[in-house]
Amino acid sequence: MRLDGRRQSSNVEDRRGRRMSGGKMGGLGIGGLIVVGLITWLMGGNPLDVLSDPNLMSQIQTDNTEYVASAEDNELAEFASKILAGTEDVWTKEFNKMGLTYQAPRLVLFSGAVQSGCGSASSETGPFYCSGDQTVYIDLDFFKEMEGQMQAGGDFAYAYVIAHEVGHHVQYLLGILDQAHSAMNKSSKTKSNEISVRLELQADFFAGIWAHNDNKLFGSLEDGDIEEGLNAASKIGDDYLQKKAQGYSVPDSFTHGTSAQRSRWLRKGLATGNFNDGDTFSVPYSSL
């Protein structure tokens, strides 16, 4: 991505190196598909239940490793700040088109563990959005895991992660997130999972909208960027992760969408840049 000369966001809080006590956490996150939450998803459970596990929280409490930022860490922090600024620019314009005022989220950078408005979480949770304090949380080491463990690296892939979480913030501001959560609480487990998939695919679409319009504003995309994003989307599909872990998938347990679905909705946002094309809730579930 071309980011030279781009401004950094003033809505970034750097908590790297801070220590905290454990607790309970809730929220939505693209990275929750990895490591700790994966086992629960494979069993058809709620990924957020993992985060209330006392064993996990005790690990958070006893992790006293001192954090020392490397040059790479600081470069990633600057990168994340510029991407967040880009989402602010794009979504301010998009909300203006709808006659609305965009309220930008904060971005908290942390290391090891963090206390959010939804409770506490460890790095293993992955990046997540908490509507309780309208903040995106990310441990920058997640990007290194994307490159190493997932083979889904690249600057646009990392930008997609941030833009996806900001997409959840857009859903929150428009009332979509609360409506979906209310419907999920009244539904069967299978139906609730389907609503979760719709939420995640729309956040993928919103990430594509951001990229489309950011490129129009700043000429930010380079050759290979879109392929990086689509590769990342495919590597975090429920079916891909489940098959990799156990050799088969359990569609009723999907909470984020298949690789094909995630790639399709990200690509759609990238292609059109049109907010009105992203209604994942009116489409028949089998057609997502």
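## Arg15 and its partner

Let's start with Arg15, which is buried, with a relative accessible area of 16%. Its side chain meets that of Glu13 in a salt bridge, 3.0 Å from N to O. Glu13 is partly exposed, with a relative accessible area of 22%. Keep in mind throughout that this is a predicted model.

## The chain as a whole

The chain has 288 residues, and 54% of them count as buried. Its secondary structure comes to 11 helices and 6 strands.

How much of the contact in the chain comes from residues 24 or more positions apart? Taking the contacts with a separation of 6 or more, such residues account for 76%.

## More salt bridges

Side chains of opposite charge can pair when their charged atoms come close. In this structure there are 12 salt bridges. One of them joins Arg6 to Asp214, with 2.8 Å between N and O. Arg6 sits in the segment before strand S1 (12-14) while Asp214 belongs to helix H8, so this pair ties together parts that are 208 residues apart in sequence. Are these two residues buried or exposed? Arg6 is buried, at a relative accessible area of 13%, and Asp214 is buried too, at 0% relative accessibility.

Another salt bridge stays within a single helix. Lys97 pairs with Glu94, and their closest N and O atoms are 3.0 Å apart. Both residues lie in helix H4 (residues 71-97), 3 residues apart, which is about one turn of the helix.

## Meet helix H11

Now for helix H11, which covers residues 259-272. From its first C-alpha to its last, this helix of 14 residues reaches 20 Å, close to the 20 Å expected at 1.5 Å a residue.

Which residues of H11 are buried? They are Ser259, Gln261, Arg262, Ser263, Trp265, Leu266, Gly269 and Leu270. The helices that these buried residues pack against are H6 (155-173), H8 (189-218), H9 (225-235) and H10 (238-246).

## Where H8 and H11 cross

Two packed helices are described by the angle between their axes and the distance between the axes. For H8 and H11, the axes come within 7 Å and cross at roughly 35 degrees. The crossing is right-handed.

Who meets whom here? On the H8 side you'll find Val197, Glu200, Leu201, Asp204, Phe205, Ala207, Gly208, Ile209, Ala211 and His212. Facing them from H11 are Gln261, Arg262, Trp265, Leu266, Lys268, Gly269, Leu270, Ala271 and Thr272. Sorted by class, the contact of H8 with H11 has 10 nonpolar, 5 polar and 4 charged residues.

## After H11

Just past the end of H11 comes Gly273, which takes a positive phi of about 65 degrees. Further along is Gly278, also in the segment after H11.

Which residues does Gly278 touch, leaving aside its neighbours within four places in sequence? The answer is Gln202, Phe205 and Trp265. Two of these names have come up already: Phe205 of H8 and Trp265 of H11 both take part in the meeting of those helices. As for Phe206, its C-alpha atom is 7.5 Å from that of Gly278, although the two residues are 72 residues apart along the chain.

## Two glutamines with positive phi

Gln134 has a phi near 50 degrees, a positive value in a residue other than glycine. Its place is the loop between strand S5 (128-130) and strand S6 (135-139). With a relative accessible area of 26%, Gln134 is partly exposed.

Gln151 also isn't a glycine, yet its phi is positive, at about 55 degrees. You'll find Gln151 in the loop between helix H5 (141-148) and H6. Gln151 counts as exposed, at 60% relative accessibility.

Notes
Residues numbered from 1 in each chain as written. Predicted model: local features only at pLDDT ≥ 70, side-chain atom pairs only at ≥ 80, totals over all residues. Heavy atoms only, no water. Helix = DSSP H or I, 4+ residues; strand = E, 2+ residues; numbered from the N terminus. Expected span 1.5 Å × (residues − 1). Buried < 20%, exposed > 50% of the residue type's maximum accessible area, 1.4 Å probe, protein only. Contact = heavy atoms within 4.5 Å. Salt bridge = Lys/Arg side-chain N within 4 Å of Asp/Glu carboxyl O. Axes fitted to C-alpha atoms, helices over the stretch in contact; angles between N-to-C directions. Left-handed = near helix turned anticlockwise from the far one by under 90°. Nonpolar A, V, L, I, M, F, W, Y, C, P; charged D, E, K, R; others polar.
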